[in-house]
Amino acid sequence: IKASAIVKLPNANVGNLGMVVENPLVLMGLAAVVEANAELAIPLTLLMANLNEEQAAMLPSLLEIGYVKDNNGQLSTSVSYVQSKVTINGQPIDPGMMMGAGAGE
């Protein structure tokens, strides 16, 4: 298993971070300038051994739409948050797919 994550505040400085300490509501404003990226890779056999039947049934759809990539049995994905937008492997999130995932479809 390989995992990595990075969070950046490219426009942060002592002044605006100091305001966050004084007023935590400013933190919500900083969310617009946060940049974050997380990557995960896991062998298909290890993943399948830990999924229930419903979860395993979702994998082909995630592969088909590109949210998960298969490189010779090594599954990977990359999630990014930039300019208040989330992408998975460079693609915008499909709300319908996420709603279906949450509903256990």
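In what pattern do helices and strands follow one another when the protein chain is read along the sequence? The order is β-α-α-β-α-α-β-β-β-β-α.

**View 1. Overall fold of the protein chain in a predicted model.** Five helices and six strands make up the secondary structure of the chain. The chain has 105 residues, of which 19% count as buried.

**View 2. The largest pocket and the residues closest to its centre.** The volume of this pocket is about 360 Å³. Its lining consists of 17 residues, and those closest to the centre are Leu40, Leu47, Leu62, Val68 and Thr77.

**View 3. Secondary-structure elements around the largest pocket.** At least two lining residues come from each of strand E2 (35-43), helix H4 (53-65) and strand E4 (74-82). By residue class, the lining holds 14 nonpolar and three polar residues. No charged residue takes part in the lining.

**View 4. A nonpolar surface patch made by Ile1, Leu40 and Leu46.** The patch covers about 280 Å². Leu40, one of its three members, is also among the residues closest to the centre of the largest pocket.

**View 5. Leu46 in helix H3.** Helix H3 spans residues 44-49. Leu46 has a relative accessible area of 35%. Leu46 therefore counts as partly exposed, since that class lies between the limits of under 20% for buried and over 50% for exposed. Leu46 contributes to the nonpolar patch together with Ile1 and Leu40.

Methods. Residues numbered from 1 in each chain as written. Predicted model: local features only at pLDDT ≥ 70, side-chain atom pairs only at ≥ 80, totals over all residues. Heavy atoms only, no water. 1 Å grid on protein atoms, 1.4 Å probe; cavity = no way out; pocket = protein on both sides within 12 Å on 5 of 7 lines; lining within 4 Å. Points joined across faces, edges and corners; volume = space filled by probe spheres on them. Helix = DSSP H or I, 4+ residues; strand = E, 2+ residues; numbered from the N terminus. Nonpolar A, V, L, I, M, F, W, Y, C, P; charged D, E, K, R; others polar. Patch = residues over 30% accessible without salt bridge, like charges linked within 9 Å, V, L, I, M, F, W, Y side chains within 5 Å. Areas by Shrake-Rupley, 256 points an atom, 1.4 Å probe, with all protein chains shown as cover. Salt bridge = Lys/Arg side-chain N within 4 Å of Asp/Glu carboxyl O. Buried < 20%, exposed > 50% of the residue type's maximum accessible area, 1.4 Å probe, protein only.
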